[in-house]
Amino acid sequence: LAKTQESVFRRELLTKPRSSLSEAALLDELRSGTPAREIAAIWTLQERNEAMASPPALLEDLLVKCLRSKEPDVRAEAAGALPLVSTTTESLLEISDALKDRHDRVRIAAASSLSHFAGHEDESQAIQDLTDALQDDVRLVVLNAAKSLTKFGPAAEPALKKLLQRLRRSFNECNTDESHTILWAMRSITGDTEKRLREFFGETDSEYLQQALELLEAIQDSA
């Protein structure tokens, strides 16, 4: 903003209601707008998604263009919106690439978006990408990845080892919220959560095992 004076709160974006914007004008903003207009257009697209007359392939292409923007805020918004208009294999691959973005806000959005590919013919790719994201150093990426994995149910079984490893790390860092989310994800993936915990922690990590079992019981009681 300091360099470009760009903002989604600029007067010209606020004085005219976005609801009155024609679909053609909205697409033009996605094609060639400033970063602020691209973000505003993506928000409007998400609101109107089901009412849009444009072919999904066109909307997919425009959002993919935004995913390749130089601006991380634009990329983050595009990563969140893309699966709402398209869940093609191409869209999955684009979001998978966004999960490796150097800006954490883009990875956070991508980790959440991959949940839309549960049941997709290439869901194993989404599960693998989310599993890799569990090693991210940014906590919100990890939390969103764990939450997304719950949508895949038993198909996400390959992620259990990484979830257990991240659970141990969350105990080390005394991060109760992360521990809770990971155990909740495990419970959504397997019916043998307690058995998996006992196998992973065993007798050598008895303190962590007890902590995990108590937290698991609390989650089950609140379900």
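The chain exposes about 11700 Å² of surface, and carbon and sulfur atoms supply 48% of that area (Shrake-Rupley method, 1.4 Å probe). Buried residues, those under 20% relative accessible area with a 1.4 Å probe and only protein chains counted, make up 48% of the 223 residues.

A word on what you are looking at: this is a predicted model, where local features need pLDDT of at least 70, side-chain atom pairs count only at pLDDT 80 or more, and totals for chains, interfaces and linings use all residues. Residues are numbered from 1 along each chain as its sequence is written, and side-chain values use heavy atoms, without hydrogens or water.

Now to the fold. The chain has 13 helices and zero strands (DSSP runs numbered from the N terminus, H or I of at least four residues for helices, E of at least two for strands). Its C-alpha trace spans about 65 × 40 × 30 Å along the principal axes.

Take helix H4, residues 56-67, as an example. Buried residues in H4 include Leu59, Leu63 and Cys66, and their cover includes helices H2 (23-32), H3 (35-48), H5 (72-85) and H6 (89-98).

Finally, look inside. Leu197 has contacts (heavy atoms within 4.5 Å) with residues including Leu164, Met186 and Leu213, leaving aside residues up to four places away in sequence.

Terms used: Buried means under 20% relative accessible area, exposed over 50%, partly exposed in between (1.4 Å probe, protein chains only).
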